[in-house]
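Me: I would like a close look at a single part of this structure. Please keep the account plain and define the terms as they come up.

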Number of protein chains: 2
Amino acid sequence: MNFLMPTEIVMGRECIRENASIFARYGKKAMLVTGERSARQNGSQADVIAALESQGMEYIVFDRIMANPTVDIVYEGAIQARENAVQFIIGIGGGSPMDAAKVIALLATQDISRENLFGGVYENRILPMIMVPTTAGSGSEVTKYAILTNDVTQTKISVATPLIFPNVAMLDAKYTETLTIKTTVNTAIDALSHSIEGMLSKRANAISNLLAKESIRIIAECFKELESGQVSNVSRERLLYASSLGGMVISQTGTVAVHAMGYSLTYFKNIDHGHANGLLMGEFLNYIKEFEPDLIAEILSFMNMNVIDEFKEKMETLLEKTEKITGEEIEQYSKTAMKTGHIANCIVTLDFEGVKRIYEKSV
Amino acid sequence: MNFLMPTEIVMGRECIRENASIFARYGKKAMLVTGERSARQNGSQADVIAALESQGMEYIVFDRIMANPTVDIVYEGAIQARENAVQFIIGIGGGSPMDAAKVIALLATQDISRENLFGGVYENRILPMIMVPTTAGSGSEVTKYAILTNDVTQTKISVATPLIFPNVAMLDAKYTETLTIKTTVNTAIDALSHSIEGMLSKRANAISNLLAKESIRIIAECFKELESGQVSNVSRERLLYASSLGGMVISQTGTVAVHAMGYSLTYFKNIDHGHANGLLMGEFLNYIKEFEPDLIAEILSFMNMNVIDEFKEKMETLLEKTEKITGEEIEQYSKTAMKTGHIANCIVTLDFEGVKRIYEKSV
């Protein structure tokens with residue numbers, strides 16, 4: 001068993017205001033990395049800036065991170081970080097800005113070519129990072145991963161290194177209150193897929209399973225509210241907690257086939273990441289069930305479900321309809337998925353036909 | 001909520017041999033800090049040395065740590081570390097050598113006077129530390145605490161700082177197989193008290209409670225084997241895991257009254273630390289039950305128990321008889337306990353009379 005999760009977690013309403021001194025630990029000048037809108041709308045950016053100002057600190061804002069951030073944008077961010085001599089990075093937003101912030105923190109301290117960016121070999125230095133998630137899904141605030149879109153391989157690809165574990169994650173669920181119900185659902189299902197896939201990883205261990213079980217249980221308890229469209233603030237806090245647990249899980253286990261397969265749906269069909277995972281998860285569980293029926297039954301039991309069909313129905317109720325994918329596309333996506341390490345990371349080895357069949361039955 | 005547990009955990013049979021490269025991360029010359037006998041007898045010292053040699057590394061051995069280590073010995077160890085220019089520290093043993101190793105790592109890099117050693121204010125540097133627990137009790141391999149015996153205050157006292165979180169904990173339960181049943185029981189009960197006290201701390205949070213619950217559950221499942229005197233290797237592995245969970249718990253929550261009260265029994269009566277905690281825990285739970293009946297019922301339920309008397313009987317069966325403590329002694333110990341921060345850290349504020357009553361009913 002291996003377990004590593006060095007990120008400090010600070011959670012609670014107004015935790016940024018109440019822990020402003022944490023920012024001062026990491027220097028006198030910060031770069032905020034965020035998208036162009038949501039961090040302004042949900043108040044998180046203002047809260048971070050107020051905290052920095054209360055500590056007499058300087059900052060610059062790099063707010064050009066788009067959904068599914070590109071390799072280009074992190075290199076641009078790193079140039080800004082260097083030119084402005086910032087001492088640490090604050091990522092604010094969903095998985096996209098947080099992931100971009102991590103890679104910017106890495107590129108700000110060392111020259112890495114585009115060819116080597118995803119190679120996993122880096123010098124042992126990085127700017128300190130504080131993450132402020134404003135969705136409850138990616139868990140990026142506590143992971144060693146940063147997912148970027150790679151136009152060379154036409155899919156998403158990870159920078160994966162313990163170096164990019166953030167120093168601190170500051171979790172205030174109030175920033176998730178302004179999310180649409182669609183984003184709330186999609187991100188919750190992303191978190192759910194982290195915990196479920198984590199339990200089906202070869203690297204699952206006692207601690208990751210303990211965290212995964214708690215996370216699955218909490219998210220399933222929120223299904224009813226997610227379905228109704230009315231998600232209470234208490235549930236939002238629980239979803240944010242559960243999504244961080246999911247992040248801790250995958251930092252140990254990695255994700256498996258669902259993530260590998262979902263990336264093509266996002267890249268080519270612009271289906272949101274969590275949504276894509278939700279579409280594929282039921283048939284993936286059906287596939288694994290042939291080999292590991294007890295484990296699948298256990299996972300279903302955490303959600304108070306008896307059969308996979310219940311799970312599939314729940315996903316169908318929660319997720320929006322998507323366009324049909326052609327046989328040709330499925331062939332292509334299956335090839336892409338098979339090339340990833342995610343497939344080999346699953347407790348059951350999926351073959352090309354198996355992957356194809358999951359796509360065919362799912363989308 | 002706050003959560004921090006940056007120590008990397010590597011667990012499994014032969015994990016030291018199989019992860020020899022981990023040692024090389026931290027330099028070329030190590031100091032082993034251990035007691036004079038057990039690390040030799042149980043094979044842990046030989047395994048560590050073999051791992052270091054396989055990496056072509058140098059080492060010195062400082063094997064003079066006694067049970068309940070003194071302030072003197074850690075200053076002596078730090079002199080050795082400096083004179084030999086070691087780059088990192090490997091603590092091998094139970095709580096005593098590991099705790100001493102942590103303070104040696106601190107004192108090796110900075111001058112701290114004896115007056116300021118327990119003050120909590122240190123410069124931000126320390127030698128890297130790898131811990132190899134050979135008992136399943138203290139959880140020190142994953143905590144930010146080091147407990148020393150302080151003859152000035154006539155009790156045990158903590159160095160407490162996130163600086164002393166070890167870098168890596170390497171857990172191989174085979175080193176616990178040579179422990180006597182008495183030590184196996186006492187250390188298991190120490191671990192149990194960490195998790196139970198953690199749940200009764202003002203600083204308990206969702207994650208610490210999740211870990212505590214798992215830890216209590218596992219230890220209670222081992223009661224029968226502990227009672228029989230025959231503890232299987234599988235159970236030893238589970239106990240070691242549970243004791244690390246307990247360490248993670250108290251790194252978030254601290255301990256409460258049981259630890260504060262037990263220290264005097266160890267200092268003045270030479271009652272083993274875990275044993276002392278076990279003697280006091282039942283009456284402590286009885287005291288808290290008046291204010292928090294549901295929480296106590298929940299904790300008992302993790303052990304499949306309905307009433308505190310069951311718990312007390314179990315402790316009586318497991319622990320050896322001790323000599324009676326006089327009223328005068330109780331008066332003195334109660335005063336000492338009341339001066340500690342542990343008392344104020346409990347969800348229920350104990351007063352002097354309450355502490356005295358717990359002692360009177362327990363010993």
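How many bridges join strand E2 (residues 29-33) of chain B to strand E4 (residues 88-93) of chain B, and do these strands run parallel or antiparallel?

Reply: This is a predicted model, in which local features need pLDDT of at least 70, side-chain atom pairs count only at pLDDT 80 or more, and totals for chains, interfaces and linings use all residues. Residues are numbered from 1 along each chain as its sequence is written, while chains are lettered from A and ligands numbered from 1 in the order in which they are written.

Four bridges join E2(B) to E4(B), and the two strands run parallel. Strands here are DSSP runs of E with at least two residues, helices are runs of H or I with at least four, and both are numbered from the N terminus. Two strands pair if DSSP finds at least two bridges between them. Within this pair, B:Leu32 stands opposite B:Ile90 of E4(B).

Helix H10 (residues 233-253) of chain B packs on the sheet, where it touches strands E1 (2-11), E5 (129-133) and E8 (168-171) of chain B. Contact means that C-beta atoms, placed from the backbone, lie within 7 Å. The direction of H10(B) makes about 155° with that of E1(B); axes are lines fitted to C-alpha atoms, for helices over the stretch in contact, and angles run from 0 to 180 degrees between N-to-C directions.

The sheet itself is open and has twelve strands, with mixed pairing, in the order E3(A)-E2(A)-E4(A)-E5(A)-E8(A)-E1(A)-E1(B)-E8(B)-E5(B)-E4(B)-E2(B)-E3(B). Its edge strands are E3 (58-62) of chain A and E3 (58-62) of chain B, each pairing on one side only.

Notes
Contact = placed C-beta atoms within 7 Å.
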